[in-house]
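Work through the exercises below with the sequence and the model side by side, and try each task before reading its solution.

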Amino acid sequence: MLSEIIKGFLLSIQPLNMFGILFGYLVGIFVGALPGLTGVMAIAIMLPLTYKLPGLLSIAALMGCYKGATYGGSISAILINTPGTPEAAATSLDGHPLAERGEVLRALEMALIASIIGGTISNIITLLTTMPIAKIALSFGPVEIASLILFSLTIIAATLGNSLIEVVKGLISAGLGLFFAMIGLDIMTTTRRYCFGILDLDRGLGLVPVLIGFLALSEVLIQSEILIKRYSLVRKDKWGSIDLTFSLYLKEKINWKTRFRDIRYCFKDILKSSIIGTFVGALPGLGAPTAAFLSYGEAKRTSKHPENFGKGEIIGVAAPEAGNNAVCASSLIPLVTLGIPGSVTAAVLLGAFMIHGMMPGPMLMITHPSTLYGLFFLMLWTDPLGGLVIGVPFIHAAKLFIAKIKKNFLLPIIIILCFIGSYGIAFSVFDMKIVIFFGVLGYLMKIFNLDLSAFLIAFILGPILEENVRLALIISHNNPGVFIRSPIAIFFYLISLFSLLYSLKKK
């Protein structure tokens, strides 16, 4: 086994393989920064280009693309409150408020640093403990996953404010999130729920169109309102006197002392989120958005100042970015050890493995061990090299571009990207209508100070909880006692109860 690890290491430092994974990272970060163009789309586009390439080079390029897109989504999330990928939605909750305060470079750099640390920790854990983690992940059935998601939903209790009106608003937001998540065909019986005779709603509300409308288009409406109010205060011939640019971004000065202070301040939450993301990635079916919101909620739950979250808290950027980037490496664990693609991205990578004659599953570690270890080592180099060589210049260029362009030109561009991104997911005009609806809904929720994070947490995690609860009941022939037979589930119930009681005590 040691000889195979050494062979894998030697393969990973070959210039061509290193170039392949860095090129993939460059493509991924560019695609991920464009709203609606997800990492899955980037990998699917690159896949045909790798048919004639060696196996390790091909898969490394695709994994680099996956990692780059996962981080790239945070760039547009921070700059224009438009998550480039679904997993960047949690980052926008505090990233964009930081940008509005003129601390855009601070937010972008912390997102990059957290991504590098989170990805590197996950790479090391994956390299050293692939088989043990696979066995643990295999012990998680519907009951255990349901208890984990139930614990995750207790995050909502931490997001509620301290006053009665804030608690009520938070519960309304969570209720709306759960309601919209239930729209579509029932996952078990295929009966329609809240479709109101609209056939396009049978497939439910897509995550990407909802996020684009809720976070991006709503922000465009807010910014447009601000511009209209400013314009109404001056005569038309003085239009040029209004600051219509993001010039505040250019005035920001940041030094190494500030960077190290932020890293020290966020380091505990970055480590914790890296472990959360690694664990979630190893569980089939959960994915990076779940890891991001889990990490964000856990950081807020344990913060000494949870009231700062949503208003520009730097930990609110670091935690979700570390969590969602940690998913990238560990999502390979169920694929390479069990042959189970735990996400759409993993399913595309499964095709890449098979194209090059490597069938994922228990035999892969026996038939192609050096290639597999070479991939793990390549991912280990990707995060620091890709982040420093590609990520740093990219975020400075993006910041400069956004700062130079006028808002009255940028806002229409964002609107166009919103509709192109939503249409490109399923080539559906109806998805564009969803963007408009949730853009108006997000605008109204911001106007009335309703909790956006509670809505998103409920919308993303609610369906996962419902699916696993119902699967558990079907397996147990509708015996509710199945939920208290698992020690893992009981553990999550206890910490959920403790979390709720702790939140109530603080309030």
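**Exercise 1. Which residues make the nonpolar surface patch of about 500 Å²?**

Solution. The patch is made by L221, I436, V440, L444, I447 and F448, where a patch joins nonpolar side chains (Val, Leu, Ile, Met, Phe, Trp, Tyr) within 5 Å, from residues with over 30% relative accessible area and no salt bridge, a salt bridge being a side-chain nitrogen of Lys or Arg within 4 Å of a carboxyl oxygen of Asp or Glu. Helix α19 (residues 429-447) gives the largest share, four residues. This is a predicted model, in which local features need pLDDT of at least 70 and side-chain atom pairs count only at pLDDT 80 or more, while totals for chains, interfaces and linings use all residues. Residues are numbered from 1 along each chain as its sequence is written, and side-chain values use heavy atoms, with hydrogens and water left out.

**Exercise 2. Is L444 buried, partly exposed or exposed?**

Solution. First locate L444, which lies in helix α19. Its relative accessible area is 39%, so L444 is partly exposed (buried means under 20%, exposed over 50%, partly exposed in between, with a 1.4 Å probe and protein chains only).

**Exercise 3. Describe where S331 is found and what it touches.**

Solution. S331 is in the loop between α13 (315-330) and α14 (332-338). With a relative accessible area of 6%, S331 is buried. Leaving aside residues up to four places away in sequence, S331 touches Y66, G281 and A346 (contact means heavy atoms within 4.5 Å). Finally, the side chain of S331 reaches the backbone oxygen of C328 at 2.7 Å.

Methods
Helices (H or I, at least four residues) and strands (E, at least two) are DSSP runs, numbered from the N terminus. A polar contact is a pair of N or O atoms within 3.5 Å; within protein, one must be able to donate a hydrogen and the other to accept it, and residues adjacent in sequence count only if both atoms are side-chain atoms. Patches are made of residues with over 30% relative accessible area and no salt bridge: like charges are joined within 9 Å, nonpolar side chains (Val, Leu, Ile, Met, Phe, Trp, Tyr) within 5 Å. Accessible areas come from the Shrake-Rupley method with a 1.4 Å probe; for residues, only the protein chains shown count as cover.
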